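Hi everyone, thanks for coming. Let me put the structure up on the screen, and then I'll walk you through two interfaces.

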Amino acid sequence: MKYIDEYRDGGLAQALARTIAAEADPARTYHLMEFCGGHTHAISRYGLEDILPANVRMVHGPGCPVCVLPVGRIDAAIYLARQPGVILCTYGDMLRVPGSKRLSLLKAKAEGCDIRMVYSTMDALKLAQDNPDRQVVFFAIGFETTTPPTAVALKQAQALNLKNFFVFCNHVLTPSAIAQILDSPEVRVLGTVKLDGFIGPAHVSTIIGSAPYEYFAEEYQRPVVIAGFEPLDVLQAVLMLVRQVNQGRFEVENEFARAVTRDGNSKAKALVAEVFELRKSFEWRGLGRVPYSGLRIKAEFARFDAERHWDVPQDSPPDNKACECGAILRGVKKPTDCKLFGTVCTPENPMGSCMVSAEGACAAHWTYGRFRDIKAAPDSKVDP
Amino acid sequence: MKYIDEYRDGGLAQALARTIAAEADPARTYHLMEFCGGHTHAISRYGLEDILPANVRMVHGPGCPVCVLPVGRIDAAIYLARQPGVILCTYGDMLRVPGSKRLSLLKAKAEGCDIRMVYSTMDALKLAQDNPDRQVVFFAIGFETTTPPTAVALKQAQALNLKNFFVFCNHVLTPSAIAQILDSPEVRVLGTVKLDGFIGPAHVSTIIGSAPYEYFAEEYQRPVVIAGFEPLDVLQAVLMLVRQVNQGRFEVENEFARAVTRDGNSKAKALVAEVFELRKSFEWRGLGRVPYSGLRIKAEFARFDAERHWDVPQDSPPDNKACECGAILRGVKKPTDCKLFGTVCTPENPMGSCMVSAEGACAAHWTYGRFRDIKAAPDSKVDP
Amino acid sequence: MTLPRRTHPRPLDIANGRIDLTHGGGGRAMQQLVEELFVAAFDNDALNQRNDQAAFDVPPEMLRGGRMVMTTDGYVISPLFFPGGDIGSLAVHGTVNDVAMAGARPLSLSAGFIIEEGFPLSDLKRIVDSMANASREAGVPVVTGDTKVVEKGKGDGIFITTTGIGVVPPGVNVSGDRARAGDAVLVSGTMGDHGVAVMSQRESLGFDTAILSDSAALHTLVADMVAATPDIHVLRDPTRGGLASTLNEIAVQSGVGIALRESDIPVRPEVKGACELLGLDPLYVANEGKLICICAPEHADTLLAVMRAHPLGRDAALVGTCVEDSHAFVTMRTAMGGNRVVDWLAGEQLPRIC
Amino acid sequence: MTLPRRTHPRPLDIANGRIDLTHGGGGRAMQQLVEELFVAAFDNDALNQRNDQAAFDVPPEMLRGGRMVMTTDGYVISPLFFPGGDIGSLAVHGTVNDVAMAGARPLSLSAGFIIEEGFPLSDLKRIVDSMANASREAGVPVVTGDTKVVEKGKGDGIFITTTGIGVVPPGVNVSGDRARAGDAVLVSGTMGDHGVAVMSQRESLGFDTAILSDSAALHTLVADMVAATPDIHVLRDPTRGGLASTLNEIAVQSGVGIALRESDIPVRPEVKGACELLGLDPLYVANEGKLICICAPEHADTLLAVMRAHPLGRDAALVGTCVEDSHAFVTMRTAMGGNRVVDWLAGEQLPRIC
Amino acid sequence: MCLALPSLVTEILPADQAKVSLGGVIKTISLALVADVEPGDYVIVHVGYALTKVDPVEAEKTLALFAEMAETAS
Amino acid sequence: MCLALPSLVTEILPADQAKVSLGGVIKTISLALVADVEPGDYVIVHVGYALTKVDPVEAEKTLALFAEMAETAS
Ligand code: SF4
Ligand code: SF4
Ligand SMILES: [Mg+2]
Ligand SMILES: [Mg+2]
Ligand SMILES: [Mg+2]
Ligand SMILES: [Mg+2]
Ligand SMILES: [Mg+2]
Ligand SMILES: [Mg+2]
Ligand SMILES: [Mg+2]
Ligand SMILES: [Mg+2]
Ligand SMILES: [Mg+2]
Ligand SMILES: [Mg+2]
């Protein structure tokens with residue numbers, strides 16, 4: 001597959017790893033955070049930790065829009081699914097994510113709610129057209145990448161004058177979350193964790209461009225390399241970060257130039273601006289409330305807004321108190337530092353955001369990396 | 001079971017049969033018609049033909065309300081079942097009866113119509129109460145016996161002010177059908193068939209009483225004996241008819257005095273009169289249109305009338321041309337005289353009214369009596 | 001019985017849990033369901049191998065000239081729980097009986113579950129436990145199984161398909177085509193109990209009765225019968241379609257007529273009552289713990305005596321005779337002294353008002 | 001083949017007819033369906049006895065010290081027809097394969113049908129004919145069966161449960177608990193074809209591919225393998241849950257770790273493409289015509305050669321090794337040279353967007 | 001044929017309903033079409049409604065008639 | 001992680017849609033978010049929408065960089 005296979009070449013990966021090892025200063029440690037689950041996934045799925053030198057440590061960021069959605073919003077989606085006449089539709093990713101009381105959309109479906117998986121917002125629109133006597137709610141989630149398709153659907157619903165199509169909007173903005181992490185006391189003030197650099201989002205950046213990261217590089221004096229989600233992209237970005245750190249630079253570099261420009265996709269950005277506006281703040285699982293980090297539907301499209309049409313509960317049940325997600329997201333702790341990891345908390349029954357999807361730090365370690373813990377401590381409590 | 005078992009005593013049956021044989025005049029034949037399928041059923045189910053003398057011939061009448069309902073009314077019920085939002089409910093008997101194109105309610109159900117079996121009109125009302133967003137149509141069929149329960153349901157629907165309960169009324173009157181048979185040219189003018197006497201309905205008579213038959217006995221100069229549906233009741237009625245014929249009497253006698261009075265059930269009759277009125281004519285399968293033989297819902301209850309609410313088709317597709325039902329009902333022919341009997345026409349695929357329910361002349365003979373044809377003509381076409 | 005190591009951090013929540021699609025997905029959730037519910041209940045050596053198939057030794061009868069038999073039945077009953085049994089025990093009894101009706105000794109069962117999303121785990125456990133009990137009581141282990149989960153609205157709670165295998169002792173040859181004119185027709189007890197017990201639970205029919213389903217495994221009764229008279233011609237359990245349809249099947253298979261005597265056919269008064277009420281004929285109502293036996297007339301008395309000596313055959317009766325009839329009619333001399341055909345069930349039995 | 005006498009005046013209307021409840025009622029309509037559709041298609045001596053069970057002779061291997069095997073699987077696939085097969089052929093192949101995975105020779109199948117009211121007879125015939133073809137091609141007859149009809153809305157077109165029995169040749173002992181550290185792990189071909197072919201037909205996923213299901217009966221391949229190397233340790237078909245889940249099952253059963261090499265696992269480019277598109281991992285996608293073989297390292301080359309010489313094993317490959325690991329991890333050396341766990345499927349596979 | 005069966009009234013229920021027994025089978029029916037029914041009466045039940053009471057005296061007479069016939073015949 | 005894949009546009013369809021191919025797998029997607037797409041272009045597809053075109057020149061450059069690294073390393 002063109003533009004995929006070339007970026008998964010094992011020989012090149014080994015060569016890149018050797019270059020990184022050669023250039024990384026043995027006298028120091030490099031803490032590099034990849035913000036995106038896509039990078040986390042590539043690192044875990046391809047076992048890149050094994051080929052990186054020991055002093056290059058990858059810190060897994062908040063991961064993916066699924067992981068960061070707070071329990072209360074899942075509960076709200078289940079609430080909507082339970083309203084009479086409602087068909088709730090959403091992407092496959094959301095179906096298994098547990099809300100409070102271990103309920104999930106999948107379980108609500110088993111109890112009789114009409115919940116459908118869609119692949120695209122176009123499918124959601126079609127559902128509404130095909131079921132004129134039902135109310136179709138699209139449970140919209142996603143970063144900047146996934147927001148424009150929702151905007152297209154809302155515009156189309158308006159054009160078609162659909163009366164039975166609604167969006168429950170949970171779209172969030174990545175730059176705000178990155179700022180939240182960098183603003184945390186551990187990172188900024190106490191200096192307990194050094195985040196030495198960032199791998200910037202791949203597909204989010206196709207929309208927003210590389211420009212928004214320039215502020216971070218400058219303000220927090222950290223290098224940022226925007227990188228594709230293929231393993232060679234990640235390795236290359238690591239190398240570029242190591243070089244910037246070594247050279248004391250903190251620039252925004254673009255490893256993913258084949259898809260990302262400085263300005264991003266202006267057509268998509270305009271659509272989003274037309275349909276959505278900023279919320280004052282929005283809760284992120286693992287990060288708490290983050291100012292200006294979420295979108296809501298503009299007044300002009302109010303009649304499609306599920307939050308305006310139904311009295312959606314606004315509760316925000318907390319994660320398990322023992323959950324260390326916050327600390328893990330900031331690079332202070334590792335998954336195995338959490339005493340719930342792998343016992344109470346597993347991908348089947350996640351207790352915190354990092355265990356929710358395979359892109360979360362805990363889930364990725366559990367799913368792909370936990371054999372390493374055993375090498376460290378043979379016959380520990382970890383089960384097959 | 002009291003009032004049942006005593007009337008099924010084999011020893012008494014043999015004794016009664018012997019008395020009949022003794023009293024029947026060997027020089028003549030007695031053609032006795034039982035109007036009701038209940039009697040037909042008892043005769044077939046207990047093999048009474050085998051114990052009656054050969055010169056006492058039972059002629060099976062139109063049978064039961066299921067058999068006499070014309071194909072067009074079944075089609076109309078299927079039409080109703082296909083209306084959006086409709087739940088059509090009816091007694092189990094109706095589900096298998098084929099309309100045109102071999103469609104039946106059972107097959108319409110298999111195609112996706114919401115069709116339910118009810119045991120009582122009370123169940124139909126409950127369906128309407130339990131499904132306020134659906135329109136529940138009760139497909140009402142039956143003779144005078146079954147009409148009062150429909151009247152009760154309509155009164156109750158009015159009292160409850162139900163907006164979603166409808167009755168598709170197909171209630172018919174037995175005396176008109178008996179008159180139609182007796183008025184037929186074969187019976188009245190040509191004299192090709194002698195109907196020497198009638199066994200009068202059992203449960204119909206509990207409602208209408210014995211008085212309505214007095215006109216027939218007088219007008220057509222034929223004896224009538226109202227009889228219960230147990231085998232001893234039937235045999236006793238046969239004996240009473242044989243005696244009347246022998247004595248040249250044509251009176252109405254009541255063998256079923258334990259349940260039938262001269263006036264019947266005045267409470268039930270009043271209810272029926274309050275809710276229903278006569279149709280000018282109504283089609284009977286096998287008999288054609290019979291004047292003043294069917295009921296419809298009075299104007300006062302119009303809002304429950306499915307025929308007023310929907311534009312119910314009024315087609316009346318004819319039975320198969322080769323079907324001899326008319327002649328069989330008038331006693332001119334026997335089921336085996338029909339060339340469709342047992343080949344094209346079976347209870348699974350009835351071509352005419354007499355094959356529709358086990359109480360029809362053809363179905364009763366096929367289901368219970370066809371072994372006799374083989375004794376007559378071994379290795380004939382009849383299949384196991 | 002248990003896996004080498006704990007695979008599932010939390011046990012199944014039997015009390016409150018429900019089946020969801022993951023329980024049929026082939027992953028860890030399914031593995032857990034199988035371990036904690038099915039393997040725990042059925043617990044036997046073959047199943048405990050945890051292979052996709054069960055392997056076991058060939059029984060001695062086979063090595064001495066016996067034959068193998070195999071049968072399968074799907075159970076889709078509603079309601080799932082009824083007086084005298086449930087879908088679980090029924091799925092064991094019904095299939096054990098179909099094996100036994102070859103005169104065979106049942107060896108083992110397989111069980112395939114098709115469960116609707118949302119089905120309560122507590123009901124599932126009740127059913128599986130009942131199945132395991134029935135299997136243990138019958139001495140016929142469930143050696144292999146399968147679980148599928150279908151989406152809500154694409155099933156009806158639970159369907160179970162059981163398959164049974166067994167071995168016919170050397171010298172025994174029981175088959176539906178072996179009825180001969182002159183043969184005696186026996187039944188092992190009252191007709192219609194199961195069907196009436198199940199119907200009594202259907203809300204739409206709205207009646208109550210003390211009747212219990214006769215659901216039972218008949219293989220020990222059959223073993224006694226075969227031991228006494230190896231040359232039984234036909235055995236069959238009159239399930240769906242009842243005595244009438246089952247005898248018609250046999251009549252056609254063997255090319256004989258069957259002449260019944262109504263007054264000799266045992267039917268409980270409550271079953272009669274319920275049938276009168278619903279306009280049904282007890283001869284068409286299902287049984288799940290009764291058998292029909294057709295044998296040479298000289299063996300009838302012995303077999304009746306053996307049946308009556310067994311707890312499941314106490315009400316056994318001689319109900320008719322096979323006769324020459326190229327049309328293979330089943331007829332009956334009624335209590336009134338007349339005759340009638342006892343035909344196949346036409347369609348399915350529906351309660352009637354006329 | 002046909003009954004002594006015509007029982008049904010009119011043949012089934014296959015072209016336009018639909019299943020209704022009478023087809024499962026035990027009466028004449030059911031009898032007709034069984035005769036004209038099932039018996040006509042499956043036509044074999046055991047089935048043609050028309051008993052509630054099939055009786056047949058014990059195979060010679062059993063008399064020479066072989067063992068019996070039994071397996072069952074329910075098939076609830078949607079859509080019913082997919083590129084390269086349908087539920088009917090699948091129900092034969094899947095169960096034949098589960099028998100074969102004991103190193104056994106499949107003897108016979110039973111088939112239980114649960115059909116939803118309203119199901120077109122034409123589709124039923126297509127499925128039954130396909131099943132009969134698959135059974136004839138495999139040389140494994142469907143000897144007994146059962147049909148149940150459930151009300152509209154209480155099923156999903158058709159469910160089929162097949163059970164298979166077979167005989168393990170003397171001296172063969174294949175079981176999921178026999179993998180040992182050092183053993184070679186082989187697969188018989190490309191992974192994920194079946195699952196992708198089926199998913200490509202789901203309207204909601206909306207993609208097209210030329211991929212066909214690999215659905216096939218593997219018993220002749222197994223026979224060749226067993227003939228060459230009787231001491232195969234483990235055979236298993238990686239169906240639901242794919243290679244990953246199946247290897248985890250085996251690892252737990254045997255108490256060994258399994259170390260795979262990603263670049264050695266054969267996956268078709270189209271399967272890779274579809275999996276990328278849907279966010280799935282081919283190692284978790286179902287196969288229906290592939291097997292995993294675990295054997296002593298010294299037998300790996302022979303077995304690979306035998307597999308590659310068989311039409312169903314042409315793409316066979318050595319994909320990994322069993323290792324000492326008390327945690328029974330399945331791990332994989334990735335194409336990048338790193339390592340990862342290859343875990344059980346968590347829940348069921350759902351297409352993802354992130 | 002208007003299937004209807006003589007059933008023993010065992011209990012009068014509110015809302016013009018009653019429990020009846022037929023050979024041990026218990027069913028709730030409506031008394032909307034009949035008057036003056038009491039436990040111990042037999043009523044003829046059709047589609048869940050009592051159509052009429054069974055008159056025990058007339059029933060006795062009919063049975064007596066049968067018995068008489070039987071004597072005549074034998 | 002915003003699953004998105006470079007796919008070859010094989011056909012432009014009406015209503016701002018296109019057929020794309022990914023390793024032989026064909027899918028219909030929306031072009032509502034991109035401009036000037038032609039058959040032969042590669043687009044990055046996410047939830048059924050093209051997010052952007054792949055720039056073949058930049059792609060080439062990145063690959064060239066990898067090759068260069070590999071040489072340095074070996
Ligand atoms: S293992 Fe679970 S509870 Fe612990 S930090 Fe991770 S997500 Fe939170
Ligand atoms: S056999 Fe059928 S077609 Fe012939 S008269 Fe009877 S009902 Fe009519
Ligand atoms: Mg069977
Ligand atoms: Mg059976
Ligand atoms: Mg299985
Ligand atoms: Mg259901
Ligand atoms: Mg049977
Ligand atoms: Mg299996
Ligand atoms: Mg299998
Ligand atoms: Mg069966
Ligand atoms: Mg369905
Ligand atoms: Mg298998």
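**Two domains of chain C**

In chain C, the C-alpha centres of domain 1 and domain 2 lie 27 Å apart. Please keep in mind that this is a predicted model. For orientation on your screens, domain 1 of chain C covers 21-168 and domain 2 covers 184-341.

So how do the two domains of chain C meet? On the domain 1 side, 20 residues are in contact with 22 residues of domain 2 of chain C. The size of an interface is often given as the accessible area lost when the parts come together. Between these two domains of chain C, the buried area is about 1600 Å², and carbon and sulfur atoms give 63% of that. Which three residues of domain 1 supply more of its buried area than any other three? They are Pro83(C), Asn97(C) and Met101(C), and they supply 35% of the area that domain 1 of chain C buries against domain 2.

Now for the polar side of things. The count of salt bridges between domain 1 and domain 2 of chain C is zero. Polar contacts do turn up: eight residue pairs across this domain interface of chain C, with both residues at pLDDT 80 or more. If you'd like to find the secondary structure involved, look at strand S3 (81-82) and helix H4 (87-100) of chain C, each of which supplies at least two residues of the domain 1 side. The largest share of that side comes from H4(C), with eight residues. By type, the domain 1 side facing domain 2 of chain C divides into twelve nonpolar residues, seven polar and one charged.

**Chain F against chain D**

Let's move to the second interface. Here, twelve residues of chain F are in contact with 16 residues of chain D. The area buried between chain F and chain D is about 1100 Å², with 67% of it from carbon and sulfur atoms. In chain F, the residues that lose the most area to chain D are Leu3(F), Val25(F) and Lys27(F), together 42% of what the chain F side buries.

One last thing to zoom in on: strand S9 (residues 207-208) of chain D pairs with S3(F) in the antiparallel sense, over two bridges. There, Phe207(D) stands opposite Lys27(F).

Note on methods:
Residues are numbered from 1 along each chain as its sequence is written. Chains are lettered from A and ligands numbered from 1 in the order in which they are written. This is a predicted model: local features need pLDDT of at least 70, side-chain atom pairs count only at pLDDT 80 or more; totals for chains, interfaces and linings use all residues. Side-chain values use heavy atoms; hydrogens and water are left out. Domain bounds come from an automatic or database domain assignment. Contact means heavy atoms within 4.5 Å. Buried area is the accessible area (1.4 Å probe) that two parts lose on being put together, summed over both. A salt bridge is a side-chain nitrogen of Lys or Arg within 4 Å of a carboxyl oxygen of Asp or Glu. A polar contact is a pair of N or O atoms within 3.5 Å; within protein, one must be able to donate a hydrogen and the other to accept it, and residues adjacent in sequence count only if both atoms are side-chain atoms. Helices (H or I, at least four residues) and strands (E, at least two) are DSSP runs, numbered from the N terminus. Ala, Val, Leu, Ile, Met, Phe, Trp, Tyr, Cys and Pro count as nonpolar, Asp, Glu, Lys and Arg as charged, and the others, Gly among them, as polar. Two strands pair if DSSP finds at least two bridges between them.
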